[in-house]
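Please look over the sequence and the structure shown below.

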Amino acid sequence: MSILVVGLSHRTTPVALLERVTVSGDALVKLLHDVQQDENVAESLVISTCNRVEIYADVDRFHGGVTAVIGLLSAHSGLPQEQLARHLYVHYQDRAVQHLFTVACGLDSMVVGEGQILGQIRAALRLAQNEGTAGTALNELTQHALRAGKRAHADTGIDRAGASLVGVGLTLAERVLGPVAGRRALVVGAGSMSSLSAATLARAGVTDIVIANRTHERAVRLAESVGGRAVELSEVPAELAGADLVVSCVGAGVRTITPEMVEAATRDREAPLFLLDLALPHDIEPSVRVLPGVTLVDLESMQQAGLGADVEDGGRAEAIEQVRRIVAEEVTAYLEAERAALVTPTVIALRSKAAGVVEAEMGRLMSRLPELDGRMRDEITQTVRRVVDKLLHEPTVRVKRLAAAPGGDQYAEALRELFGLDPKAPDAVSRLEVEG
């Protein structure tokens, strides 16, 4: 089996189209199972965020796997395969591994180095585990990618150099409003992105933070954490009138802020209003940007403007180069370990066959020399076992080391051929390891 990834991201796809492909909730669970149940696929995992939709699969055939995944992505999004194909990227085997590690380390994010992607990958893995679609292959791959991401953030300045979407949005807001300290902000939603937004606003000195959410209890909890206040979602039109800065992060597919709401809220005011829409699908109707005194920044406008390109470097280039080195090291370590693991069942099968030969020969010897006492029998048995172990030690150590290189599976095949191993024996060892 081999790892395949088929995806779309902000790098390859207009936000409007990416918005139509994004899946969540029950639709995400169904996509997971539909992919995993295809005859070409053994395991599946889906990363679906505001910036990317990627399907990872453990497949037995490349072409069959690609065809199946693209077909299912088309069916779930309602978009023709021909339209999707223009924006899709496909990675297989080593390149698929490198892509996931690059994503986990924040190098493929809209804002390079943002740390939210680690939580999103972790959530994707947890869902796949809970739904039973991620097995040994995707579990080990994703766990290693998450460790690589944590190392990248711990060992470099990528966190400081690459601010989150919220941080960049706040920078853009200050260009319109001036310093946000002491101003009033309205946050619509109470999920992870909303929580990050509220915390970022509080750290920036925003003294009046209002949280509006469909589930009022969640709004209350988030508001209490930043010293703000909570309101019902129905109160958003009234709260708009007093807000300087609005951040919306619901992504439910329904416009939470309409042109009519904004027009009514700005009718009698002179101060500018800055709206930041971090949701996919969009929360705020894009046409509000034509209203006087209103600035709307959303994921699409960030993408078109080259998000953060004109922000001071602050060590960003050096941090990115460090993270690239970490990705290369971690990918190499993972691939070498995977290749070495492929030969392990063959080595175990070889040692098992050798042990069987020793036992059989010792049995025949003892039947011919019944006069040997117990101590002598044990000494002879241990001596023969040591000889066999020493003879096998060097070739098995070398084959494990050689197997770590590309094409290393050929060494396992050579071992099976040279020692006449039953082709099913390594598979039996592998099953035993998984079941154990």
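Leu350 has its place in helix α15, which covers residues 316-368. Helices here are DSSP runs of H or I with at least four residues, strands are runs of E with at least two, and both are numbered from the N terminus. The model is a predicted one: local features need pLDDT of at least 70, side-chain atom pairs count only at pLDDT 80 or more, and totals for chains, interfaces and linings use all residues. Residues are numbered from 1 along each chain as its sequence is written, and side-chain values use heavy atoms, with hydrogens and water left out.

Is Leu350 buried or exposed? Its relative accessibility is 4%, so Leu350 counts as buried. Buried means under 20% relative accessible area, exposed means over 50%, and partly exposed lies in between, with a 1.4 Å probe and protein chains only. Leaving aside residues up to four places away in sequence, Leu350 touches Leu392, Thr396, Leu415, Phe419 and Leu421; contact means heavy atoms within 4.5 Å. One of these, Thr396, lies 46 residues from Leu350 along the chain, and the C-alpha atoms of the two are separated by 9.1 Å.

The next part concerns the strands. Strand β1 takes in residues 2-9, and eight of its eight residues are buried, so β1 is largely enclosed by the rest of the structure. In a regular strand, side chains alternate between the two faces of the sheet. Both faces of β1 are covered: Ser2, Leu4, Val6 and Leu8 are buried on one side, and Ile3, Val5, Gly7 and Ser9 are buried on the other.

Which strands does β1 pair with? Two strands pair if DSSP finds at least two bridges between them. With strand β3 (residues 52-59), β1 pairs in the antiparallel sense over eight bridges. Within this pairing, Ile3 stands opposite Asp58, and Ser9 has Arg52 as its bridge partner. With strand β4 (residues 89-92), β1 also pairs in the antiparallel sense, over four bridges, and there Gly7 stands opposite Tyr89.

Strand β3 is likewise largely enclosed by the rest of the structure, because eight of its eight residues are buried. Arg52, Glu54, Tyr56 and Asp58 are buried on one side of β3, with Val53, Ile55, Ala57 and Val59 buried on the other. Strand β2 (residues 41-48) runs antiparallel to β3 and is joined to β3 by seven bridges. Val46 stands opposite Ile55 in this pairing, and a hairpin of three residues leads from β2 to β3.

Now take the whole protein chain, which has 18 helices and 10 strands. Its C-alpha trace spans about 110 × 45 × 40 Å along the principal axes. The radius of gyration is 29 Å, whereas a compact globule of 436 residues would have one near 22 Å; the radius is taken over C-alpha atoms, and the globule rule is 2.2 Å times the number of residues to the power 0.38. Buried residues make up 46% of the 436 residues. Of the contacts in the chain with a separation of 6 or more, 71% are between residues 24 or more positions apart.
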